Amino acid sequence: MSRPSRLIDENGKRVDGRRPDELRPIKMEVGVLDKSDGSAYVEFGGTKVIAAVFGPREAHPRHLALPDRAILNCRYHMTSFSVEERKPLGMTRREIELSKVIREALETVAFLEEFPRAAIDVYVEVVQADGGTRTAGLTAASLALADAGIPMADLIAAVAVGKVDGQLVLDLCDLEDKYGEADMPVAMAPRFNSIVMLQLNGRMTVEEFKKGLALAKKGIEVIYRLQREALKKKFSEISPEEV
Amino acid sequence: MVFVKDGEVVAPGEPLCIQEEFSPGDNTGLDGQGRVFAKVLGIASYDKSKRVVSVKPLKPAQSIKVGDQVIAQVRSIQDKIAVVTILSAGGRALKHPKTAVIIPRKGMKEDMKDVVGVGDIIIAQVITQFMGVIGVSIWRPNLGVVLGVCDKCSSILNKAKMGLVCPKCGEKHKRKIVPFYGNMERIALM
């Protein structure tokens, strides 16, 4: 895909017609897979992600088990057909890094000490990538953990802010991610107002960073509300006798 | 101050009330500002007599508690203990089986191999759970082997006047069996 001449037009609209502070259309669904203990499907525009959780189960191999808490295994993976050119099947360095980043973010909210010597597996599969896959993956993983009944201090909501044509924009799409000047994914536990993941590729001034963070928080509030609605919607589909 | 009504659906992290109103109960936590919050997705439940708030989870993580009766399969035997895999607890099959240990009774003289055999299905009671290690007991009358397996030919053992006998090879086995040994209908109900 070639770079468009302008990423923001004279009316202040972005390549996909959004305002700079506008999120892409978001769709969230919980409990989409029957075989896993918890699952979630999240769409941010063209980015489509499925997350599944197995566990708590016995940790294998046993010598990896921790006596005071569960271990959280996380695998972030992009399917071969998620991008325009076929991606090789194996885990790339980027996927290994993002698996670690997602795991560390989830560990801040999950009460792992309630399951000593156990393991919880989190699988994040990117079905289609159009920018913001790590934030969508983390949002989906948090929902899947909640669906699996893992005790958590809060849900995690994540979104990216970036700098495109010198302007701060919320929730970058693939074109903006590739050709923009900066990209800053932010994940938060909104109730505690605490940042659980923050990365920055490119350059921003201190002022831009502060404004970008405020913009991310605004987006995260919307995503957090949608997460809670998705979880409660699933609950409404289950009869009270089943609880 | 109560943020969520009794019977309302709550998501993880949702504030329920101030600690002065209700103390945190099952599936709830206390944050640094004295607010009780839900740890899991479920229904908020306020016990006004005990002044405790709890959350009834939508999908509880499968857990085993002390006092639960479990069905397990013997995996390995040592002199005085045996390692078992718990297959169901409290009448519910576990999706993820758990490992437990049969704790020997006080002053036990016989070897564990005279009580259970590898591959046997047993009914036991959880008596201890510490740091993820589960200890079970089979020493009460209604606990023990419900289905024995021959050490030599792996056939299911039949109950005889004295212990258990293999219908194939005729080998006699010592086991601590339950009164309803081999009653599959009764086992299926457990």
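Q: How far apart do the C-alpha centres of domain 1 and domain 2 of chain B lie?
A: In this predicted model, chain B is divided into domain 1, residues 9–57, and domain 2, residues 69–188. The distance between the C-alpha centres of these two domains is 40 Å.

Q: What area do chain B and chain A bury between them?
A: The interface brings 29 residues of chain B into contact with 35 residues of chain A. Carbon and sulfur atoms account for 60% of the buried area. The area that chain B and chain A bury between them is about 2600 Å².

Q: Which strand of chain B gives the most to the side that touches chain A?
A: Across the interface, 12 residue pairs are in polar contact, both residues being at pLDDT 80 or more. At least two residues each are supplied to this side of chain B by strand 1 (9–10), strand 5 (35–38), strand 6 (42–47), strand 7 (52–57) and strand 10 (92–102). The strand that gives the most, with five residues, is strand 10 of chain B.

Q: How many salt bridges are counted between chain B and chain A?
A: One pair with side chains meeting in a salt bridge is A:K232 and B:E14, at 3.1 Å from N to O. A:R191 and B:D31 meet in a salt bridge as well, at 3.0 Å. The count between chain B and chain A is six.

Q: What is the relative accessibility of A:K163, which forms a salt bridge with A:E208?
A: The closest N and O atoms of A:E208 and A:K163 are 3.1 Å apart. This pair links helix 4 (residues 206–236) with strand 6 (residues 157–164) of chain A, the two residues being 45 residues apart. A:E208 is buried at 19% relative accessible area. A:K163 also counts as buried, and its relative accessibility is 13%.

Key
Residues are numbered from 1 along each chain as its sequence is written. Chains are lettered from A and ligands numbered from 1 in the order in which they are written. This is a predicted model: local features need pLDDT of at least 70, side-chain atom pairs count only at pLDDT 80 or more; totals for chains, interfaces and linings use all residues. Side-chain values use heavy atoms; hydrogens and water are left out. Contact means heavy atoms within 4.5 Å. Buried area is the accessible area (1.4 Å probe) that two parts lose on being put together, summed over both. A salt bridge is a side-chain nitrogen of Lys or Arg within 4 Å of a carboxyl oxygen of Asp or Glu. A polar contact is a pair of N or O atoms within 3.5 Å; within protein, one must be able to donate a hydrogen and the other to accept it, and residues adjacent in sequence count only if both atoms are side-chain atoms. Helices (H or I, at least four residues) and strands (E, at least two) are DSSP runs, numbered from the N terminus. Domain bounds come from an automatic or database domain assignment. Buried means under 20% relative accessible area, exposed over 50%, partly exposed in between (1.4 Å probe, protein chains only).
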